[in-house]
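Reader: I have a protein to look at for class. Can we go through it together?
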Amino acid sequence: MSGTGPVEPGEGTHDRTDPDAPRSALRWRGRPFRYHGPHRRAVLAATAAAAVLTGGGYLYATRPQPPPPPPPPHPSQVVDIDYLDAVPGPDGTFRFAVRLSVRSGPPVTVTRLDQPYDGIAMTASPAAPFRTKAHSARKIIVTLGVTECAKAPRNLALPFLLVTLRNTRAIQAHSYILGTHYARDLSDALQVACSNESR
């Protein structure tokens, strides 16, 4: 045969430039496929383990978080100060006992204990600052002395103590009204102290 024209591929061969020509199965099975063939079970097990770890990590990271605990209460919300009674003291002074109790929450520190009236000096035992734990009480002895009768109040209706409290939540200045028993005892003591001074 003679003639000109393109060379036809022979039987069992194909044209490498023809995109539609069938490719050998061996060509598709390149080096990675030949490597994974004998190790297929190990590769599948490793892939499954990686998927499980990834899914578990995602579920752990996106799990619902418990709400944060509520903040502790403000100190004035958990502290009570009650008038107990007058306490015998030296002449010219009025001594009385109060009970400070902390109902709940973190310990509360009394940083200041005072009274608001001019002409009266005050001391307390224990002296501030002092701390009281939750579910406990502390007895405080307060001593009041008249320094100037002209400025001392008379016939007090609702006398109170000024108390500054601190806990891990806040620092608060609060006024505690101690009731009619305290008002009567204080008024009587002031009247006696100033009547003695005027003699």
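Author: One definition to begin with: a residue counts as buried under 20% relative accessible area, as exposed over 50%, and as partly exposed in between. Also, this is a predicted model.

Reader: OK. Is His135 buried or exposed?
Author: His135 has 68% relative accessibility, so by the over 50% cut-off it counts as exposed.

Reader: Where is the place of His135?
Author: His135 is in the loop between strand 5 and strand 6, the latter covering 136-146.

Reader: And what is phi of His135?
Author: Phi is near 60 degrees there, a positive value in a residue that is not glycine. Most residues other than glycine have a negative phi.

Reader: New topic. Which peptide bond is cis, with Pro126 in it?
Author: The bond from Ser125 to Pro126 is cis, and its omega is near 5 degrees. Pro126 belongs to the loop between strand 4 (120-125) and strand 5 (130-132).

Reader: What about the bond from Ala128 to Pro129?
Author: That bond is cis too, with omega near 5 degrees. Pro129 also lies in the loop between strand 4 and strand 5. Most peptide bonds are trans.

Reader: Zooming out, how many helices and strands are in the protein?
Author: Five helices and eight strands. From the N terminus, the order is α-α-α-α-β-β-β-β-β-β-β-β-α.

Reader: What percentage of the 199 residues is buried?
Author: Buried residues account for 27% of the 199.

How values were computed
Residues are numbered from 1 along each chain as its sequence is written. This is a predicted model: local features need pLDDT of at least 70, side-chain atom pairs count only at pLDDT 80 or more; totals for chains, interfaces and linings use all residues. Side-chain values use heavy atoms; hydrogens and water are left out. Helices (H or I, at least four residues) and strands (E, at least two) are DSSP runs, numbered from the N terminus. Buried means under 20% relative accessible area, exposed over 50%, partly exposed in between (1.4 Å probe, protein chains only).
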